[in-house]
Protein chains: 2
Amino acid sequence: MKTPVDIAVTGAAGQISYSLLFRLAAGEFLGDDQPINLHLLEITAAMPALEGVVMELNDCAYPLLNRIITTDDPKVAFDNIDYAFLVGARPRGKGMERKDLLQCNAEIFSVQGKALDEAANKNVKVLVTGNPANTNALIAMNNAPNLKPENFTAMTMLDHNRTINQLAEKSGVKATDVKNVMVWGNHSSTQYPDIHHAKIRGQDALSLVENDWFVNELIPTVQQRGAAIIKARGQSSAASAATAAIKQMRTWALGTAEGDWVSMAVPSDGSYGIEEGLIYSFPVTVSHGEISIVQGLDVNEFSLEKMRISEQELHEEKEAIKHLL
Amino acid sequence: MKTPVDIAVTGAAGQISYSLLFRLAAGEFLGDDQPINLHLLEITAAMPALEGVVMELNDCAYPLLNRIITTDDPKVAFDNIDYAFLVGARPRGKGMERKDLLQCNAEIFSVQGKALDEAANKNVKVLVTGNPANTNALIAMNNAPNLKPENFTAMTMLDHNRTINQLAEKSGVKATDVKNVMVWGNHSSTQYPDIHHAKIRGQDALSLVENDWFVNELIPTVQQRGAAIIKARGQSSAASAATAAIKQMRTWALGTAEGDWVSMAVPSDGSYGIEEGLIYSFPVTVSHGEISIVQGLDVNEFSLEKMRISEQELHEEKEAIKHLL
């Protein structure tokens, strides 16, 4: 049996984690020959509920689940970890302005960034799911000077998957027939799902669907999908977010498929003119754990404008929390 | 790619199904080379919520998820299915007597039994999770005269897993070090988790733990575990129930490990003196999809008495709903 890997999950008693933890323990992330230790972080008030989740995890008698640590101290949670799923975030309360939301999450992620810096393995892979995910990742990254910026990503894999699904449904094909979609920018309603380079069974997607459908249906549908799920389910996306989190982290660990890419929000290096240092979603490939932004794609005026709108939003978010960077 | 298998899940918009469906679609049940069609049944009032779950399933862009059917008609849901996870059941409402609960579930499972009889594949494997699971399975079985009794099981795998976990925790070993535990009887607080034949790393469990601990700690802890989870989490077990459902169905489809057995509630053939025709949990082995009750185990007076108590409860449940058999 391999040596266990150490995986931290924050917000561990929340809904997304409830969909995530059991699948990590079942081997869906790194395969059924890779034992894991789970480091579960929660706020103090949620520790009793977390105990219930741990009882259920234990009741599964998972062969791969080697050890569970529960704590309300980020330094304990992040001790020697290889992977961090930063799921927990403060949701928007009644009467809370967007600015207040940014602020209180910024404080959480500033603390967690420092704890990661101090306690985690130097090669830790950090995936931020908790919203506002891109800016939360930016704050954590900036508070971890001893880790590389490349250790940090935010999740746009859910948006990427949603784009694949919309295109597959529209074209009457399987999800596996759709390649090379991408999502640019912020994991928010300004994100830009882009199918200019997408292929459906090897053919250009935009030769198979109308441009009008792309602009007036696909883009707003993907941008507003989270709200549509809440309307239908009465609760926000949890299981599909967990699926995307596993897929993003698994892709980061094991690499992208030949000829395809995925979307991840990563530190911008100025590619495509996007402000350096923002955590921005790009099409990326991964090999041996190294993420590379796909270079040299033609980007037309329409796309550039959409990309800039999301960049501007991220820039403003950064300005709002710059005292914590 | 293999031909898709057809899997029905009832109560598809409920909490256990929310933990189950995404894992079926990810390949946790039959492996990552087996495509599936999901047939999702809900009551009419829950169809909008189910639509939200389907949106999320589609948003995962699962390679193995071939098709999703949603319906409030059991005959449509069970059309040509290979596997049925009967998860949905009426929970006990305020002021409802146990007898009323039995009664209204009996009606649900009588309708579903008839629909299975009419619509499902003759080799369908039916796993009842919805409580009272054993008696619900009995009713479904009796309403499906064209299916074999062996097509029906009720779930005691969760109790089996809980017994493994308690013994592993007590002994400071891994779940995988524990073999040959068993759970007899009803999936209720009369169940009898039995470690007389259990092995820990090949040694007799009862030579390693005190008999007093077994009688006064393990048995009541496993019997009352569901209530303990509700107390801790504020909600009943969902993810661990889904894990157990996958394990029971997977074991049924793919077989038990050499030298070990699992617990399943199956139609009694009179083994160990248990009334024929009741759906009673026994230690079983599975080979090529055929379930066999483990024969010839020594059962002492203590065990026999516990086994009889649970048998008596099942007998009484059967009496209460006999007009539907």
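A residue is called buried when its relative accessible area is under 20%, exposed when this is over 50%, and partly exposed in between, with a 1.4 Å probe and protein chains only. This is a predicted model, in which local features need pLDDT of at least 70 and side-chain atom pairs count only at pLDDT 80 or more, while totals for chains, interfaces and linings use all residues. Side-chain values use heavy atoms, with hydrogens and water left out, and residues are numbered from 1 along each chain as its sequence is written.

Over all chains, the whole structure holds 22 salt bridges, a salt bridge being a side-chain nitrogen of Lys or Arg within 4 Å of a carboxyl oxygen of Asp or Glu. One of them pairs A:Arg23 with A:Glu28, whose closest N and O atoms are 2.8 Å apart; A:Arg23 has a relative accessibility of 2% and therefore counts as buried.

A further salt bridge links B:Arg225 to A:Asp59 at 2.8 Å, N to O. Because B:Arg225 lies in helix H8 (residues 225-233) of chain B and A:Asp59 in helix H2 (residues 47-59) of chain A, this pair joins two chains; helices here are DSSP runs of H or I with at least four residues, and strands are runs of E with at least two, numbered from the N terminus. Both B:Arg225 and A:Asp59 are buried.

Within chain B, B:Asp33 meets B:Lys2 in a salt bridge of 3.5 Å, N to O. B:Asp33 belongs to the loop between helix H1 (15-26) and strand S2 (36-41), and B:Lys2 to the segment before strand S1 (5-10), so the pair ties together parts 31 residues apart in sequence. B:Asp33 is partly exposed, at 37% relative accessible area, and B:Lys2 is partly exposed at 43%. Elsewhere, salt bridges with shared partners join A:Asp59, B:Asp159, B:Arg162 and B:Arg225 into one network.

Conventions
Chains lettered and ligands numbered in written order.
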